[in-house]
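Let's take a friendly walk through this model, with the coordinates open beside the text.

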Amino acid sequence: MRKKRKNIPKSENFSVYLNKTRNDWLKIVSMLSFTLIPTFIVLDYIVMPDELFAKFMIFRLVVSGILIIQYIILRMSSRYASLHGLFITILAGTMIALMTNDLGGFDSGYYAGLNLVMMAVVILVPWGFAHGILNALTIIGIYAIVNVLNLHSFQIENLINNMYFLFSTALIAVSVSQIRLQLLRKEFDANIHLIIAKEEQDTIMNSVDEGLFIVQQEKEDEYVIGSQQSEAVTQILGTSSLAGKGFLEALSPYFPEKIITDLAEYLFMIFNRDVDNDLIRDLNPLEKLEADIPSELEIENKMLKFEFKPIRQMSGEKSYLISIKDVSKEVEMENRMLNNEIKAEHESQMMLAILQQGPAMLQDFVHGVETEISDIEKAISTDNNTEELSDAIETIFRAAHSMKGNAALLNLKFFAEQLDVFEEKIIELRDSDKLVREDLQTIESDLDIIKEVYTTLQGLIKNIQEFQGKKETETQETALESIPGALTELVGRISVELGKKVRLIAEKTDFTGLPASSAYIIRDILVQLTRNSITHGLEEPEARVKSGKDETGSITLNMQPDGDSFMIDYRDDGKSFDFAAIRKKGLESGKILESEVEQWNDTKLLKLIFDSGFSTAGESTMHAGRGVGMDIVKQRIKNMGGDFKIKYRQGEYTEFKITIPIKVLQEV
Amino acid sequence: MKIMIVDDSTIVRTVIKRYLAITKDEIVAYAANGVEAIERFKEHLPDLVTLDITMPEMNGLEALERMLEIKPDASILMISALSSKDTVVKAINMGAAGYLVKPVEAHQLIDKIKAIKEAANEGSGFKRIFRWRRQLL
């Protein structure tokens, strides 16, 4: 019945409201009148003199007819309420006054009907003082005028008596009318407050970032969500309204079952036990946890934080205001800060490592990494058949492994670790049955991480070089000469990590005729050989002592030009090749067939080591086990048109004699 | 108030005993596991028990249930690790008076005991009537 009225001044608003209310009541008065007036015909029939009955009946029917028409008008329009009121007053008043006149004027007791009119019109409709008095006086006035105009003889006491009653009724009716007007005003103000409050509530509920709603306990294990909730609820949980639903049921799609059972216990506690705010807060099972929110296309993972705030409702029942916050961003930020801390730690570690290295080594390292990364990028962009894809994977693998070796050489732990992770991914790809081009692209993002670390590293190196004020030409000359020193450090680090004792002895190092740019290749070969020696060949100190050797193993190195070639003589005094292990591994990997195992002699097995992907290390570690080291050595030497020979004696030593044409090294 | 301390760690028992010296309450019994706790409980019928949740023989929840069967108005304070929120909730639902997080601190324990005493006093006579009246109004 009452419409929401917005943006209309309050006073004007009230007059519209008042008019509407008066109109509603006038309809009732009108209806009462046109039903009651004809029913009095029955009374007339009993008490009236016969000659008057017909006349009164006509009065009543005519008046009722007019009132019906008025009722129709009242239904159509709510304007002119006060005129309508006055009209009823005059119409019914005149009719009754005329009747009293016929029945003996002021002496007649029929004036009582006027009281009814007064009560109906003035009491039922909230006019207030002024209009109430106007109506009441109109009725009394009509009564007086009609009976004076056609004056019958009367007793003055009767007139006084009648007037006494009429005025008393008028007083009561007007007072009630005034009070009703005041009440209406209050009712209106209260409604306005409610509307404004509701609007404010809606605004708050639609604009807060928190999901808010109230939960009440319906039965022992039933907790029901209230009718009001903030807009954010649907945004956070990605559902339509939860109003009227069970709280546990509403949350069950988002959390594991264990959480929901814990929540049920918790709800039972907060609703049925005497708990204080600390307890409610401390035992909250939904304080920051992961939720799977189904959105339009996918399941989104959010971190949600629920809070339970106790509220006492007017009814005295306990209920809780639940607030839900999406704290994914905050949590992500926390994690990112943590990551940044770790990153900063890595950077400082790398910085320290760089500071310990000579500029030549660094220069050379940067150059090498750049070459390897561009090799990897080239390999990734191959768009050919499966066979070439697996070649590409091998190339990437070799490049990554080589970079890792060099990073380890310079003690750039973080970079080496990242490359180790990268290798792990490539191994996964290599081992997958069906390799497709798209698979290669998946490692692009991993390569990006490597590149990012490398860029940081490069920046650090550049800064340090600028700080140290070294010139590039100066660094070029020493790149080769720094190899033995760097290898010694590498040997020191790896042997400590693997619990071995090893020393490197560089006997002859003559790089005459070699350009600085060849340092990278030579070092790469030596790094792989060294790692291989320490991991596979050289024994633990106790084992060495047992077999009568010095507890410290040694690697002896001779490098010098020999005619047209550059010669590398590499020797370790370890236990040499473990052919039993190689055979076993060969069988496991399917490279050796069970039926042909007899035919595999030591020489044949040795060749197997130089196959890509073959390693006998127990498990893959940072330093060995990937099965790529010996393969790199072979590939590098072959690529340079060089050659190598292996000499070994079981339990005593392994020796590599490598020759590379100097001409080729000069062209690199 | 008669107090009983149940914990499998001697250190915790000693620490709580030392804290309780401040409140001057009488410690009537100690127990190191659930089974022993129930026996001592029957014997002494203490008003307040500090009960470790994780114990050998019988866990804290079971012991709690038995104790409340024997003496329903006993106040039982659960002592728990921070990680076992769900067990604490269960204990409170079963009728535990509250809980304390390990390592227990003196003021924590003393505050809880004070609150329990007040609640016990409020449970009788005029105070209860006044509380009802307050709630009704």
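Helices here are DSSP runs of H or I with at least four residues, strands are runs of E with at least two, and both are numbered from the N terminus. Keep in mind that this is a predicted model.

Chain B has a backbone feature of its own: a cis peptide bond between Lys102(B) and Pro103(B), with omega about -5°. Pro103(B) belongs to the loop between strand 5 (98–101) and helix 5 (106–122) of chain B.

Next, have a look at helix 5 (residues 129–149) of chain A, which spans 29 Å from first to last C-alpha, close to the expected 30 Å. Its buried residues include His131(A), Asn135(A), Ile139(A) and Tyr143(A). Among the elements covering the buried residues are helix 3 (81–102), helix 4 (112–124) and helix 6 (156–207) of chain A.

The largest nonpolar core has 69 residues, and Ile396(A), Ala400(A), Leu490(A) and Val491(A) have the most contacts inside it. Helix 13 (residues 386–409) of chain A gives this core its largest share, 10 residues. Apart from it lies another core of 56 residues, including Phe213(A), Val233(A), Val6(B) and Ala37(B).

Note on methods:
Residues are numbered from 1 along each chain as its sequence is written. Chains are lettered from A and ligands numbered from 1 in the order in which they are written. This is a predicted model: local features need pLDDT of at least 70, side-chain atom pairs count only at pLDDT 80 or more; totals for chains, interfaces and linings use all residues. The expected span of a helix is 1.5 Å times one less than its number of residues. A residue is buried if 20 or more other C-beta atoms lie within 10 Å of its own, exposed if 12 or fewer, and partly exposed in between; C-beta atoms are placed from the backbone. Two residues are in contact if their C-beta atoms, placed from the backbone, lie within 7 Å. A nonpolar core is a set of buried Ala, Val, Leu, Ile, Met, Phe, Trp, Tyr and Cys residues joined through C-beta atoms within 7 Å.
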